[in-house]
Amino acid sequence: MDRNAAHRMKRGLFKATHLILLFLAMAIICLPGLWIVLSSLRPTVEIMAKPPVWIPREISLDAYVAMFSGVGQGGIPVIEYFRNSLVISVTSTVIALAVGMAGGYAFARYRFAFKSSIFLGFMLTRTVPGIALSLPLFFVYARLGIIDTHFGLILAYVALNVPFTIWLIDGFFRQVPKDLAEAAQIDGCTRWQAFWQVEFPLARPGIASAGIFAFLISWNEFALASQLTRSTSSKTLPVGLLDYTAEFTIDWRGMCALAVVMIIPALTLTFIVQKHLVSGLTSGAVKG
Amino acid sequence: MATVSLHSLVKRYGNVPVVHGIDLEVADREFIALVGPSGCGKSTTLRMIAGLEDISGGEIRIGGRKVNDLPPRSRNISMVFQSYALYPHMTVAENMGFSLKIAGKPQGEIEARVAEAAKTLGLEELLERRPSQLSGGQRQRVAMGRAIVRNPEVFLFDEPLSNLDAKLRTQMRIEIKKLHAKVNSTVIYVTHDQVEAMTLADRIVIMRDGHIEQVGTPEDVFRRPATRFVAGFIGSPPMNLQEATVEDGTLVFAGGETLPLPRQFRDKVEAGRKVVFGLRPDDLYPTGHGIHSGEETEVHEVEQAVMLTEPLGNETLVFTEFAAREWVSRMLNPKLLKPGEKVRLSFDLSQAHLFDTETGTTLRT
């Protein structure tokens, strides 16, 4: 009886500690996000106040109203930026996925010369910080005349994402037993049908994970985009944030409001693909 | 239904040959088992017949048609994999109907044929389940169902029972035999389990190192093994094999022990020749406890000390040492024997085998 009670108490304590630690960790992770949302809703005076004002005294949607009210009235071309971001991220993600699937499949299934060297080469490209590439890339793009175009950024993002999508998708295709594609071929499929009917559906969680990662990287990328875009015809949302900085002032409230506008689509997409994402990351990325 | 012929079939991986030009004729509706130790090329041969592996040389014909360059889907075959290879994202019914769906058959026909196959295999209750919800034996049955649904000319089985436990294996073996009687088509069955091969097959092909050692009925390969390898591979416990020299009507073993040269070999083996003497445990038994006890034609008795016994209930395996080697004998109607106890062993020499030491081929003609 005593031992049971002691054991129960110990377990209760353990659970409570677990929850408190979890809450603290989540608070630390989520606080910046919450702070951005709060800051977008309150006046600059409160944002800059020292000591900080934790509970806002006055809440308004002024920043959002101003943002959409056009150039000259404190607004920025947010619709254009949003469209640019969407076009560039979606296109580059689709291309990176297509190349990633083809490449990942090849690495998982076929033997060819220099296979491991090529794979290592892909991984090495990930060690180069994107910002280090911005100047050389700028010169090359300037010569080619593709600065300030959608095409230029899409190209850069595809190059940035392809090694990652290949690596992730390769791991997932490796987990699909070879026998399945062979069984499908005996059941009357061509090689192509066997891929789409059997191997693709089984690797779908991995492909979804790769897709969302590629999308988020393109959606949030700032360093390259700030160098390679100039006008509203190609600037993306992260670059658009700079519109809130003037020579001597920074409009923190407006910037936070735009950040919220940026976060919402990414968050929505993550929620939609969440199921795939979790099962994908746990079952595929770690090769046993 | 169809015949299958292999002519000088070769498989090389790079420069390494794994199948060395084998020839085989499989008759229509015949059940052929390919057996051999792992790495003997039996699975590779099966995969070449299926079209999953390229052919490095030679020719494969199914139903008289050369299929060397045809993809698997054009060969009208079906295959049961060792891993079952069921599609995990489809239900049992979808798994079984997949080939018909790919072939563009109408939904009604697919359902009818899946239902028929499910009835044959007792899978009616499981049609809506997914493979992950099935036991090993059920998965095995679904894999067979998927194979029979399309009425192929040839069935290929690649070690289909090796992932099952012993009891289930025996049960599925019987089901495969029944299934063959029912669908009555040509079967090529790869296994490393000689019991499966003996019980199922009309003819057995024994392979070693990419060569065919012997092709014959189960009776043939058991009673008349063509080589020393076949003699040692088929039969459980394996045949007792020991090297000896022929001298003046006797066999002299390394330790100096002798046995009379069996009568059927007397005119065939010259003195001084080195041979391998072989005798199945069934033909070596404590006197009075053998299969042929009372009707032997040529028995030689030797008194030996028992080293070890393995009682199996209806029989006991008795291990003794003779000619510097452990010999296994099979004792029917067993009586209790203790290690160290002296026992009279009957060597039924009319059933003995002799093989050439160099080539390993039988000296029986």
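This is a predicted model: local features need pLDDT of at least 70, side-chain atom pairs count only at pLDDT 80 or more; totals for chains, interfaces and linings use all residues.

In chain B, strand β11 (residues 240–247) and strand β12 (residues 250–253) pair in the antiparallel sense over 4 bridges, where strands are DSSP runs of E with at least two residues, helices are runs of H or I with at least four residues, and both are numbered from the N terminus. Pairing here requires that DSSP finds at least two bridges between two strands. Within this pair B:Val246 stands opposite B:Leu251 of β12(B), and the hairpin has 2 residues between the strands, with B:Asp248 taking a positive phi near 50°. From β12(B) the chain goes on to strand β13 (residues 258–260) of chain B, which is joined to β12(B) antiparallel by 3 bridges, and there B:Leu251 has B:Leu259 as its bridge partner. This second hairpin has 4 residues between β12(B) and β13(B), and in its turn B:Gly256 has a positive phi of about 100°.

Residues are numbered from 1 along each chain as its sequence is written, and chains are lettered from A and ligands numbered from 1 in the order in which they are written.

As for confidence, the model scores ipTM 0.85 and pTM 0.81. Chain B averages a pLDDT of 91, with 98% of the residues scoring at least 70; pLDDT is the predictor's confidence in each residue, from 0 to 100. Among the elements of chain B, the lowest mean pLDDT, 88, belongs to helix α5 (residues 166–183), and the highest, 96, to strand β3 (residues 31–35).

Strand β3 of chain B also takes part in an open sheet of 6 strands, in the order β6-β7-β8-β3-β9-β10, with mixed pairing. Its edge strands are β6 (77–80) and β10 (211–216) of chain B, each of which pairs on one side only. At the β10 end, strand β9 (residues 203–208) of chain B and β10(B) pair in the antiparallel sense over 5 bridges, and B:Arg208 has B:His211 in β10(B) as its bridge partner.

Which elements of chain B give two or more residues to the side that touches chain A? Overall, 18 residues of chain B are in contact with 15 residues of chain A, contact meaning that the C-beta atoms, placed from the backbone, lie within 7 Å. The elements in question are β6 and α2 (92–102) of chain B.

Turning to chain A, we have domain 1 (2–66) and domain 2 (69–283), with bounds that come from an automatic or database domain assignment. The C-alpha centres of these two domains of chain A lie 31 Å apart, and their contact takes 10 residues from domain 1 and 11 residues from domain 2.

Finally, in chain A the axes of helix α4 (residues 78–109) and helix α9 (residues 191–220) come within 9 Å and cross at roughly 140°, the axes being lines fitted to C-alpha atoms over the stretch in contact, with angles from 0 to 180 degrees between N-to-C directions. Among the residues that meet there are A:Ser85 and A:Gly100 in α4(A) and A:Ala210 and A:Trp219 in α9(A).

Terms used. Two residues are in contact if their C-beta atoms, placed from the backbone, lie within 7 Å.
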